[in-house]
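The exercises below are meant to be worked through with the structure in view, and each one is followed by a solution that goes step by step.

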Amino acid sequence: MRGLVTPPRPGLLSTVRMGDGGLSEPSPSREVVRCAPCVPPLVVSSHGSSLDPRDAGVSVGTAWVDAPCPVFVVDRDGTVLDANRAARALPAHPPGPRAARPCFPAVPAPHGNGTPTPDGAHPCGPPRDRLPRWLADAHARVARDPHGPAGDPPTGPIGDRIYAAHPTTTPDGHVTWWLFDGTDRHRAESALRGAEERTAVLAEVSGTLLSSLNVARCSELAAGLAAEHLADAAVLIAPPQGRRYPLSHARRGAPVVQSAHQMDPRAVPGLAEALQGFPPVPARWIDPAAIPAWVVPPGFTGGIGSVIVAPLPGHGVPAGALILLRSATHQGFTPGEEVFARLFAARAGAALSAARLYSEQAAITATLMRDLLPPRLSQVHGVEYAGGYRPAQDHERVGGDFYDVHPAPGPAGETLVVLGDVAGKGLDAAVLTGKIRNTLQALLPLAGDHGQVLDLLNGALLTSHHTRFATLVLASVRRHEDRVRLRLTSAGHLPPLIVRADGTVEEAATQGTLVGALPAVTARTAETELAPGETCLLYTDGITEARGGPLGDELFGEHRLRKALTECGGMPGEAIVERVQMLAGQWLAAGAHDDMAAVAISAPRSGRPADGRTTTPTEPPGGTVD
C-alpha cells in the first residue's frame, strides 16, 4: 500500500481534508473532524498520502462510492477504513432532547496534538466501539468466519432509523457493509405483529367468554382477561339488580373479586352514559384523581394514571360497562389502545348478553316446565304410589308420556290416578300432555264416572287445533281397611298388570278406544282389590316396544315384562318401577326408544289406616306378636 492505514489513537480526533465532492483530492480549503464515539475516522493517512482508497491500495471496488445507501469499509480488526457520502450523513446521536447531527460535522481543526476544541470535546473509545454496537458485533462474526451461513442480515438502529446491513468480503480481507434503510418495513412489520397479537387476544377472549353461559362466570372471565391484556386493573359493572350493581374487580396476577355495590354511576365520568350504551368518553377527558374508591380493586397500588370507560354492547340492550385502570408509573392509554379496548368490550358485551339471555330463557323454561314434568309420588291416604319417567331423548326432560295423582279430599274418597301416552315425542307432544292434564284437573268433580270424563276430554281434544290423539288409563283408588280397591278404565291403552303377593301377574279386564281421534269414546271399566304387599302397575308402550336385545332389533315385549314382574311379588311399588325401567334400559343399550312411563299403586304391608298414619302392633303382656 502506498498510504499507511492505521487506527487513530484512543481519545484523539483525526482529521482529513475534504473537497466539495466528499473524499477525493486533498484541499486546503476545508478540514473535517470525525468524532470517534459516533463513527470512527474513515481513513487515517500519513502526511502527504492520498485519501483515495484506490490509491491507498484498498481493493474494495468503486461501486460503493456513489451508492445511495450508506456504505462502510471495515478491516478485519473492526477499524473503519472509509465510507461514502450517505454514510457520513448518518446522525451521530439517537433522537432525544438533543437534535441529531451528522457523524462528520465540519468543525475547526483540532489544537496542537489533536486535542479537540472545548465545544466539540467527546471521549473517544477503542476502535471496536466506533461502529454501532449491533454492527460491530455482526462484523466480528463475519471476520471470524467469512464463509459461514448467511442467515438474516443484522438489523439495528442508527438515529431514529432502522438499517439492515449486508456484508461483502473483498479479496484482501476487508468487509464492505451496505446499509439499507428498513425503517418503513420495520414499522409495517411491527404494526402487523401488533395486529396479529390483538387478533389473537380477541380470538382468545371470544373463545373463553363464549365457553360459559353463566353470567357470573362470564363476568369474572371478562374482567380477568381485561386486566391481563389491556390494563393493570379492570372493573366490570353489570346492569343493576334493584339498587345494587354487580361488580367484578380484577387486578393483574390476582384473583377476580365479585361483589354487589350500591353506588352512583355519575361519580365516574362517562360511566352513566356507558351503562346506557352511549359511545365511550375519550380517556384524556377523564381525570384519574376523580375516580371514587369503589372502582379501585383491592391491592392496587401506585396511583391511577390513566382511565378508560367503555360500554359493553349487548343484543338490543347494554350488557354493562368496563373500566380499565393503568398505574401512574406506566404510560397512559394511547388512541390505538382505546380502539382495541372498544373491540374487546364489544366481544365481552356479546358474550355477557348471550349468557344473560340464556339465563333468562332457562328460568322461563324451568317455570313452564314445572307443570309439564311428572310429579314426585308418595303415600296418599294409606296407599303407596311410585312413578318413573324416561323421555325419548336424554337431553329432553318432557315428552309425550305423563302421569298424575289427584288425591281425594279425604280418606273416604277416591284418588284419581291418570297415566297417558300422546302420539309423538318431544316438546310438541309435551304441549298436548299439558293440555290433557289441565283438562283432567278441571274434570276432577266428575271423576266418579270414568266414561263421562273420557267423553268430555275427547270433545275438548277434537275441538282444539291439535291433530294428535292420546291413550289413557284411569284408576280410582280408595283404601278399605287393609286392602286397596281399584276401578280401572283403559281408553286405547295397555291394560294394567296386577302383581300378587305370590308373584302371580294378572291383567286387568279393561279396554277402550283412543281419545281425540273418534267422535265418541267407548271403554269398559274393571274393578279389583289389592291385598297388603300387592301392586297394580300402569305403564306405557315405550317399555314393551323397547327395541334392542342381542341383535338390536327385537322388542322387549309384554312377555318379558310379565316374567320380570313375577320376580317382584311382595316388593314395594318403588322397587318394582325401578326394576322395570332398569330391565327396559338394559334391553335398549344405546338404541333409540320411545318415552317410558310407569306408575305403581301398592297396598302397604304394614298396618296403615286410611289417614296414612303408621301403626305399630302392641305387645301383649308376657309375650311378643308373631
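A cavity is a set of grid points where a 1.4 Å probe fits but cannot get out, and its volume is the space filled by probe spheres set on those points. The model examined here is a predicted one.

**Exercise 1.** State how many cavities of 30 Å³ or more the structure holds, and describe the volume and the lining of the second largest cavity.

*Solution.* Begin with the count: the structure holds two cavities that reach 30 Å³ or more. Turning to the second largest cavity, one finds that the space inside amounts to about 40 Å³. Next, list the residues around this space, which are Pro-280, Val-281, Ile-308, Val-309, Ala-310, Glu-338 and Arg-342. Two elements, β11 (304–311) and α6 (335–369), each give two or more residues to this lining, and β11 supplies the largest share, with three residues. Finally, sort the lining by class, which gives five nonpolar residues, two charged residues and no polar ones.

**Exercise 2.** Describe how α3 and α6 pack, and decide whether they are roughly parallel or oblique to each other.

*Solution.* Two packed helices are described by the angle between their axes and the distance between the axes. For helix α3, which covers residues 183–210, and α6, the angle is about 15° and the axes lie 9 Å apart. Since angles under 35 degrees count as roughly parallel, α3 and α6 are therefore roughly parallel to each other. The handedness comes next, and the crossing of α3 with α6 is right-handed. At the contact, α3 contributes Arg-198, Val-201, Leu-202, Val-205, Ser-206, Leu-209 and Leu-210, which meet Phe-340, Leu-343, Phe-344, Arg-347, Ala-348 and Ala-351 of α6. Divided by class, the residues of this contact are ten nonpolar, one polar and two charged.

**Exercise 3.** Carry out the analysis for α10 and α11, and name the residues through which α10 and α11 meet.

*Solution.* Take the geometry as the opening step: helix α10 (residues 557–566) packs with helix α11 (residues 573–588) at an angle of about 140°, and their axes are 11 Å apart. Because roughly antiparallel applies to angles over 145 degrees, α10 and α11 are therefore classed as oblique to each other. The crossing of α10 and α11 is right-handed.

Note on methods
Residues numbered from 1 in each chain as written. Predicted model: local features only at pLDDT ≥ 70, side-chain atom pairs only at ≥ 80, totals over all residues. Heavy atoms only, no water. 1 Å grid on protein atoms, 1.4 Å probe; cavity = no way out; pocket = protein on both sides within 12 Å on 5 of 7 lines; lining within 4 Å. Helix = DSSP H or I, 4+ residues; strand = E, 2+ residues; numbered from the N terminus. Nonpolar A, V, L, I, M, F, W, Y, C, P; charged D, E, K, R; others polar. Axes fitted to C-alpha atoms, helices over the stretch in contact; angles between N-to-C directions. Parallel < 35°, antiparallel > 145°, perpendicular 65-115°, else oblique. Left-handed = near helix turned anticlockwise from the far one by under 90°. Contact = heavy atoms within 4.5 Å.
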